[in-house]
Amino acid sequence: MEVETTSTIASTRKPNNLLHVSDSGSGPDPGKAPFRKLIAVASIAAGIQFGWALQLSLLTPYVQLLGIPHTWAAFIWLCGPVSGMLVQPIVGYHSDRSTSRFGRRRPFIAAGAALVAIAVFLIGFAADLGYASGDDLNRSVKPRAIAVFVVGFWILDVANNMLQGPCRALLADLSGNSQQKMRTANSLFSFFMAVGNVLGFAAGSYTRLYKIVPFSKTLACDVYCANLKTCFFIAIILLLTLTVIALISVQEQPGGAGAGAAVDGGDGERSAPFFSNIVGAFKELKKPMWVLLLVTSLNWIAWFPFLLFDTDWMGKEVYGGEVGKGKEYDLGVRAGALGLMLNSVVLGAMSLGVEPLARVLGGAKRLWGLVNFLLAVCLVMTVLITKLAENSRDGLPQTPLAPPPAVKAGALSLFAVLGIPLAVTYSIPFALASIFSSTSGAGQGLSLGVLNLAIVVPQMLVSVLSGPWDALFGGSNLPAFVVGGVAAAASGILALTMLPSPAAQLDLPGAKNDRNALSISASFH
C-alpha cells in the first residue's frame, strides 16, 4: 500500500490523515484558546531574545578576552544558519508526529529551554572552566576556554532553534483555523522579542551589574566577563520562569488525533523517514508556499547586510573611524547600540499594531509589501547619510569625534524607522505559513521549519558574499546595503503582485466543505 508523504502543503486527497490544526491536541477546540494562553506562550520570546541582545552588546569584548582567532570567528558565527537549516525542520517534523503524553510541542519547548540554560552557563563560565583546566592567563589565546565557549555557543544556537519553532507551532495550534488569531499570535511573539531586546540591551549597558553577583568576577574573568556572566544568570532565570509559566498555562492533549494521524497513515503504516518527507515537502509545495518562500528569501537578503553591519556602518561610515584606531569607531558603535535600542522600542510598538494596520490597508500581504518598500528606502538612505557625514569631515585637519547633530539624528532615526518593517518581518511571514499549512492540512512544525530555510540560506549567502562584494568597492558597507535595498523592493513587488490571499486556498479539494475555512477567508484579502 502506498504511504502518502506529509509535506508542507500536503496532498488533500486524505485530509483527515494529515495534521489539522483543529485536531492539534491543544484542547477540544484550539481556536477558542484564551488570549492569555497566547500571551503565555509568546512571552517565551522575551527570554530567548534577552540572551541574544546580551550577546550583541557584551560578546565582542568577551571574545577578545578569550583570544579567539579571527579564523575561528567565522566558524563560530556560521553555527547560527547551519543549526537553523537543520534543527528547525527536524524538530518541526518530529513535533508534528509526537505522541508524548505531555503533548507534541511542550516537550521540545522544555528541552530547548533546558539546553539554553546549559549553553549560557558554558559561555558565561568559559574563562573560569578554561583556567581550571590549565589555561595560562598570561597568554593571549586560551584554547581550553575557547573550546568551552564554542561548544556552548553551538548548543545555544541549536537550543534557540529548538525553542522558537515549537513555540510558533504551538501558537498556530492554539489559533485553530482563525487567521486573525494566527496573525495576532505572531505579532505577540514579535512584541515579546522586542521586549527581550530592550531588556537585554539595557542590562548589557549597565557596567556594574556584576556587583549583584559578587562571585562572578574572578581571576580569570574580568569586569566585562563578570557582567556577561551576571546578565546570563538573569537570562536563565527569566527564560526558565517564562517557560514554566507557559507550560503550566497550556495543556496539550497527549497523543491527540492530529498527532496520531501524523505518525500513522490512514492504513496504519508508518510515515516515510524524515529526509524523505523533507524532499516530499518541496516536491508537493503549492504555489502559495513557493511564493512565500521566494518573498521571504528576498526579504532576508535585504535585511541581513544591515543586521550584520549596522553598528560597523555607524562606526566607519557615519563617525569616520577605523577599527582599533582612535575613539571615533568605538563612539560610533556605541551610537549604533543606541540605535538598536530605539529600533527595539519601535519594533515592540509596531508589533502591537500589525493586526489593526493590516485591516486598514486591506490585508496582511499588502502591509508586508508596503513595508518592504519602506525597508528599501531606508537602506538606500544609508548612502545619503554616509555622504552627508563625509562632507561634514571634508577640509577638517582631523576627524571629529562625532558627526554633526543632524547627521547623527538622521542615522538614529533610520534605526528607529526600520523597527516598522522588522516587526512585520517577524510576524506576517510566519502567520502566512501557518495559514497556508492549516488550510491544506499540513503539519505546522514542518511548515515553519521549511519557512526557516528561506531565512537561513540567504543568511549564509550574505555572510559569505557580502565581504568580498564590499571589498570590490573599497571595503565600504554601502554596496551590500544597496543590494539589500534592491532585494527589498523586489520582495515588495512580489508580495503585492504574486503572493496569493489565503482565501484562494478555498479552491483546494475538501476546503469548500470546511466551515472554519469559510469563516477565516472573510477577513483576509
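**Helix packing and buried residues**

Colleague: What are H13 and H15 to each other?
Modeller: This is a predicted model: local features need pLDDT of at least 70, side-chain atom pairs count only at pLDDT 80 or more, and totals for chains, interfaces and linings use all residues. The axes of helix H13 (residues 328–361) and helix H15 (residues 405–417) are 7 Å apart, at an angle of about 40°. Angles under 35 degrees count as roughly parallel, over 145 as roughly antiparallel, 65 to 115 as roughly perpendicular and the rest as oblique. H13 and H15 are therefore oblique.

Colleague: How are the helices and axes defined?
Modeller: Residues are numbered from 1 along each chain as its sequence is written, and side-chain values use heavy atoms, without hydrogens or water. Helices are DSSP runs (H or I, at least four residues), numbered from the N terminus. Axes are lines fitted to C-alpha atoms over the stretch in contact, with angles from 0 to 180 degrees between N-to-C directions.

Colleague: Which residues of H15 make the contact with H13?
Modeller: Contact means heavy atoms within 4.5 Å. On the H13 side, Ala335, Gly336 and Leu338 are among them. From H15 come Lys408, Leu412, Phe415 and Ala416.

Colleague: How many charged residues has the contact of H13 with H15?
Modeller: Ala, Val, Leu, Ile, Met, Phe, Trp, Tyr, Cys and Pro count as nonpolar, Asp, Glu, Lys and Arg as charged, and the others, Gly among them, as polar. Eight residues are nonpolar and three polar, and the charged count is one.

Colleague: How does H12 lie to H14, and with which crossing?
Modeller: The axes of helix H12 (residues 287–318) and helix H14 (residues 364–393) come within 11 Å and cross at roughly 20°. That makes H12 roughly parallel to H14. A crossing is left-handed if the near helix is turned anticlockwise from the far one by less than a right angle, and right-handed if clockwise. H12 passes H14 in a crossing that is left-handed.

Colleague: Is Gly332 buried or exposed?
Modeller: Gly332 sits in helix H13. Beyond four places in sequence, Gly332 touches Thr311, Met314, Gly315 and Tyr319. Buried means under 20% relative accessible area, exposed over 50%, partly exposed in between (1.4 Å probe, protein chains only). At 0% relative accessibility, Gly332 counts as buried.

Colleague: How many disulfides are found in the whole structure?
Modeller: Cys167 is buried at 0%, and Cys231 is buried at 0%. A disulfide is a pair of cysteine sulfur atoms within 2.5 Å. The number found in the whole structure is zero.

Terms used
Helix = DSSP H or I, 4+ residues; strand = E, 2+ residues; numbered from the N terminus.
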